[in-house]
Amino acid sequence: MQISGSLFPFLLFLAFILISGASSAHNKNDFLECLNLQFQKSNSESDSIYTPQNVSYSSVLQSSIRNLRPASNSGQRPFVIITPEHESQIQAAIYCSKKHGIQLKVRSGGHDYEGLSYISETPFVIVDMRNLRSISIDTEKNTAWVQTGATLGELYYTIAEKSKTLAFTAGVCPTVGVGGHFSGGGYGMMSRKHGIAADHIIDAKLIDANGQIHDRESMGEDLFWAIRGGGGTSFGIVVAFKVKLIVIPETVTVFNVTRTLDQNATQIVHRWQYVADKIDENLLLRLFLRSINSSNGKRTIGAFFTSLYLGPVDDLLPIMQEKFPELGLVKEDCTEMPWIESTLFFAGFQGESPDVLLNRTQVSMSYFKGKSDYVKQPIPEYGLESIWKFLNQEDVNRAELQFSPYGGIIDDISESEIPFPHRSGNIFMIHYGVGWSQEENAESRRHINWIRRLYNFMARYVSKSPRAAYFNYRDLDIGMNNIKGNTSYRQASVWGFKYFNNNFRRLVHIKNKVDPTNFFRNEQSVPPVSVW
Ligand code: FDA
């Protein structure tokens with residue numbers, strides 16, 4: 001039979017698809033066979049392996065997903081989810097992934113903004129750490145070992161069970177996972193006084209690309225440096241972190257004061273920028289900005305000053321009176337409480353039992369897009385007014401800006417102490433967020449365009465060369481690796497210097513030493529230097 005010239009390339013293409021499809025199915029089967037064998041060898045139960053044929057597969061996959069946007073864009077679902085109960089099962093997953101050329105993803109709390117712990121463009125498996133979440137507290141030495149499958153809520157709850165004056169400095173949302181959060185930094189309401197989560201890591205248990213288990217001593221100081229803020233995924237699977245706990249007063253004070261444009265919100269927000277990073281470091285004045293309906297039904301901007309003071313209200317009021325009288329804070333705005341109750345207050349569970357911190361699925365899923373920036377010079381009032389116009393372009397309460405103050409101890413730590421580089425010179429970090437519901441998902445493009453336009457507009461007011469960004473507010477718009485081909489250093493530099501500044505070079509060097517074949521990878525993993 002003669003094949004016409006125009007048909008030939010098409011048939012060749014078809015043959016390629018069929019062959020690569022068959023070989024990918026072949027790899028998947030080989031992977032599963034390998035995994036079962038390895039599990040048998042280590043006497044492991046195979047009920048921690050879920051394939052799409054398993055009735056629980058979908059619920060296990062969905063349970064920790066917080067952002068539906070990435071999942072709705074991606075065609076690929078993992079062909080296996082492994083929920084290890086001990087380290088040998090992680091070693092088995094690494095061994096079989098390597099042997100059969102399958103991408104492996106690790107998920108702790110599933111809160112990655114771009115879904116990189118549970119989606120992929122290529123066939124992949126997930127190691128989900130949910131069952132490795134034990135926490136042990138040493139109240140004599142003020143330390144804790146926490147497995148990475150634990151959530152922040154579980155960690156806070158367990159510390160408070162043991163002590164009224166010990167705590168940990170990390171993020172606000174209780175369902176965020178320790179694994180991703182500590183690996184990328186971990187900013188929270190005590191960060192001006194106590195720094196970020198990664199500043200307090202004193203040891204770790206990590207499984208490398210060869211399946212070897214390390215502690216701080218055996219991994220060496222370079223790798224130990226890299227995993228404290230250099231971002232999840234790139235260097236291995238962290239099974240547990242050992243952290244230094246912080247000492248706090250038995251009583252802290254919280255308040256949430258709102259000012260609208262009629263109540264001089266623009267001037268107060270403007271003034272806040274001269275105060276927030278310099279005020280007493282026991283005080284963290286976080287600011288949320290949204291377009292809202294005012295009491296007369298008209299649109300206005302709500303500036304929500306959501307704050308924590310590490311001490312009693314009578315100490316707080318004179319500080320506010322002296323440094324930030326423009327806010328007009330009065331005693332009635334404030335509530336004293338133990339630290340653990342403050343974690344409920346900031347997570348929106350005020351008045352509920354601390355048990356709610358143990359609920360791993362309490363936050364409803366939504367579609368959202370987030371981005372971040374760092375501000376080194378106050379934004380002028382006319383700049384703030386332009387931001388209000390942007391916020392008013394979206395529906396009421398749909399979009400939000402968070403201004404998170406820096407200063408305090410953050411200024412005292414050197415930029416290269418750990419990979420998280422955002423230290424002295426930053427007044428505050430901006431988090432931009434926009435969310436929408438399932439019914440509105442057809443409109444997602446409009447919201448994403450909105451946040452990108454705002455981000456472009458903000459370039460004039462934020463850090464430059466590099467325009468810095470916070471790794472834990474992952475944003476693929478700022479650059480990504482070509483995951484299907486070689487991960488190029490040149491491509492990775494585009495996002496790498498934004499997240500890590502000059503620390504990026506050291507991260508690449510360490511990656512080259514510990515994972516030269518780039519086994520642990522994703523769209524924003526650190527590349528080994530040899531791959532250009
Ligand atoms: P997830 O499991 O998705 O992992 C994130 C990344 O780390 C992925 O690349 C994953 O592969 C990798 N990873 C996970 N576990 C690992 C392990 N054991 N070893 C190696 N790599 C691992 N941030 C902040 O600083 N302060 C805050 O207050 C908040 N609040 C907040 C609220 C909400 C609702 C969301 C969705 C997010 C935040 N964040 C935040 C951001 C959060 O810190 C960030 O998304 C973390 O990476 C989430 O960690 P998870 O383990 O939950 O994510």
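## The ligand and its contacts

Let's start with the ligand: one of its oxygen atoms sits 2.7 Å from an N or O atom in the side chain of His181. Keep in mind that what you're looking at is a predicted model. An oxygen atom of the ligand is also 3.0 Å from a polar backbone atom of Gly180. On its own, the ligand has 960 Å² of accessible area, and the protein covers 93% of that.

## Who's in the shell

There are 30 residues around the ligand, and the ones that come nearest are Val106, Ser108, Ser117, His181 and Tyr470. Sort the shell by residue type and you get 17 polar, ten nonpolar and three charged residues.

Which element gives the most to this shell? That's H6, with three residues. Helix H6 covers residues 178-184, and at least two shell residues also come from each of S3 and strand S10 (237-244).

How do strands hold on to each other? In general, strands of a sheet pair through backbone hydrogen bonds, and they can do so in a parallel or an antiparallel way. Here, strand S2 (residues 80-82) and strand S4 (residues 124-128) go for the parallel sense, over three bridges. If you'd like to find a bridge yourself, look at Ile82: its partner in S4 is Val127.

## The second largest pocket

Now for some empty space. Rolling a probe the size of a water molecule over the atoms shows where such space is left. The second largest pocket holds about 440 Å³ of it.

How many residues line this pocket? The lining has 21 residues, and those nearest the pocket's centre are Arg69, Pro70, Asn73, Glu114 and Leu476. By type, the lining splits into eight charged, seven nonpolar and six polar residues. Two helices, H3 (68-73) and H14 (444-458), each supply at least two residues of the lining.

Technical notes: Residues are numbered from 1 along each chain as its sequence is written. This is a predicted model: local features need pLDDT of at least 70, side-chain atom pairs count only at pLDDT 80 or more; totals for chains, interfaces and linings use all residues. Side-chain values use heavy atoms; hydrogens and water are left out. On a 1 Å grid over the protein atoms alone, a cavity is a set of points where a 1.4 Å probe fits but cannot get out, and a pocket is an open set with protein on both sides within 12 Å along at least five of seven lines; lining residues have an atom within 4 Å of a point. Grid points are joined across faces, edges and corners, and a volume is the space filled by probe spheres set on the points. Helices (H or I, at least four residues) and strands (E, at least two) are DSSP runs, numbered from the N terminus. Ala, Val, Leu, Ile, Met, Phe, Trp, Tyr, Cys and Pro count as nonpolar, Asp, Glu, Lys and Arg as charged, and the others, Gly among them, as polar. Two strands pair if DSSP finds at least two bridges between them. A residue is near a molecule or strand if one of its heavy atoms lies within 4 Å of it. A polar contact is a pair of N or O atoms within 3.5 Å; within protein, one must be able to donate a hydrogen and the other to accept it, and residues adjacent in sequence count only if both atoms are side-chain atoms. Accessible areas come from the Shrake-Rupley method with a 1.4 Å probe; for residues, only the protein chains shown count as cover.
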